[in-house]
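Subject: Handover of a protein structure

Dear colleague,

Please find below the sequence and structure that I am handing over to you. My findings follow directly after it, and I would ask you to read them with the structure open.

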Amino acid sequence: MTVSIVPRPAGWLPATRRADGKPFWIVPASTGNGVYYATSSGCTCPSARHRGGVCKHQKRVVELEQRLTSKLEMSETRPSYADVFPECRTDGCHDVADHPSGWCDRCASDREWEARCESQRTRVVESWL
Ligand SMILES: [Zn+2]
Ligand SMILES: [Zn+2]
């Protein structure tokens, strides 16, 4: 199963705190000078340290983590009905494709019949030549 990569702001790097294994993000400073360390509950940027409260980095972290968890939840859901019972390859035919060729039984036998007619037609044309 493919797990799509969650888009993250440019330059952000996911990291894990060695002391307790807590994830955090290394955020490039908007001044272009140095980096901040941001989690959903704290940040080392001047705005968070001097003014307190939630800075824009923390808000982005919360957003990212929510998106990550919802992606994980989605990938853990059971296969959908369409995965288990693929539809017939014929456009407009919504039968279940129980034939290994990808057609439903009805379409598969239709095609077989058509192929047989086609080969007979060719034979007739050839006999005229
Ligand atoms: Zn911040
Ligand atoms: Zn069909």
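I begin with a turn. In the hairpin formed by β1 and β2, six residues lie between the strands, and Gly21 adopts a positive phi near 75°. A second hairpin, that of β2 and β3, also has six residues between its strands, and Gly32 in the turn shows a positive phi of about 85°.

Before going further, please note that this is a predicted model. The average pLDDT of the protein chain is 82, and 80% of the residues score at least 70. Among the elements, strand β3 (residues 35–38) has the highest mean pLDDT, 94, whereas helix α3 (residues 81–84) has the lowest, 66. Where pLDDT is low, predicted coordinates should not be read in detail.

Overall composition

The protein chain has four helices and three strands. Starting at the N terminus, the elements follow the order β-β-β-α-α-α-α. Of the 129 residues in the chain, 11% count as buried. If one takes the contacts between residues at least 6 apart in sequence, 14% of them join residues at least 24 apart.

The sheet

The three strands form an open sheet in the order β1-β2-β3, and their pairing is antiparallel. Why is one side of β1 and of β3 left without a neighbour in the sheet? Both β1 (13–16) and β3 stand at the edges and have a single partner strand each, so one side of each has no neighbour there. From one strand to the next, the twist averages 30°.

The pairings can be followed residue by residue:

- β1 pairs with strand β2 (residues 23–28) in the antiparallel sense, over four bridges.
- Leu13 has Ile26 as its bridge partner in β2.
- Ala15 stands opposite Phe24, which also belongs to β2.
- β2 pairs with β3 in the antiparallel sense, over four bridges.
- Val27 has Tyr36 as its bridge partner in β3.

The nonpolar core

Which residues make up the largest nonpolar core? It consists of nine residues: Phe24, Trp25, Val27, Tyr36, Ala38, Cys43, Cys45, Cys55 and Val61. The largest share, three residues, comes from β2. As general background, nonpolar side chains in soluble globular proteins tend to be buried together.

Besides being the bridge partner of Val27, Tyr36 is a member of the core. If neighbours within four places in sequence are left aside, Tyr36 is in contact with Val27, Ala29, Cys43, Thr44, Cys45 and His57.

Pro9 is found in the segment before β1.

Ala97 is found in the loop between α3 and α4 (105–128). Ala97 has 19 C-beta neighbours inside 10 Å and therefore counts as partly exposed. Its C-alpha atom is separated by 5.7 Å from that of Pro86, a residue 11 places away along the chain. Apart from its neighbours within four places in sequence, Ala97 is in contact with Pro86, Glu87, Cys88, Arg89, Gly102, Trp103 and Cys104.

With kind regards

Conventions
Residues are numbered from 1 along each chain as its sequence is written. Chains are lettered from A and ligands numbered from 1 in the order in which they are written. pLDDT is the predictor's confidence in each residue, from 0 to 100. Helices (H or I, at least four residues) and strands (E, at least two) are DSSP runs, numbered from the N terminus. Two strands pair if DSSP finds at least two bridges between them. Axes are lines fitted to C-alpha atoms, for helices over the stretch in contact, and angles run from 0 to 180 degrees between N-to-C directions. A nonpolar core is a set of buried Ala, Val, Leu, Ile, Met, Phe, Trp, Tyr and Cys residues joined through C-beta atoms within 7 Å. A residue is buried if 20 or more other C-beta atoms lie within 10 Å of its own, exposed if 12 or fewer, and partly exposed in between; C-beta atoms are placed from the backbone. Two residues are in contact if their C-beta atoms, placed from the backbone, lie within 7 Å.
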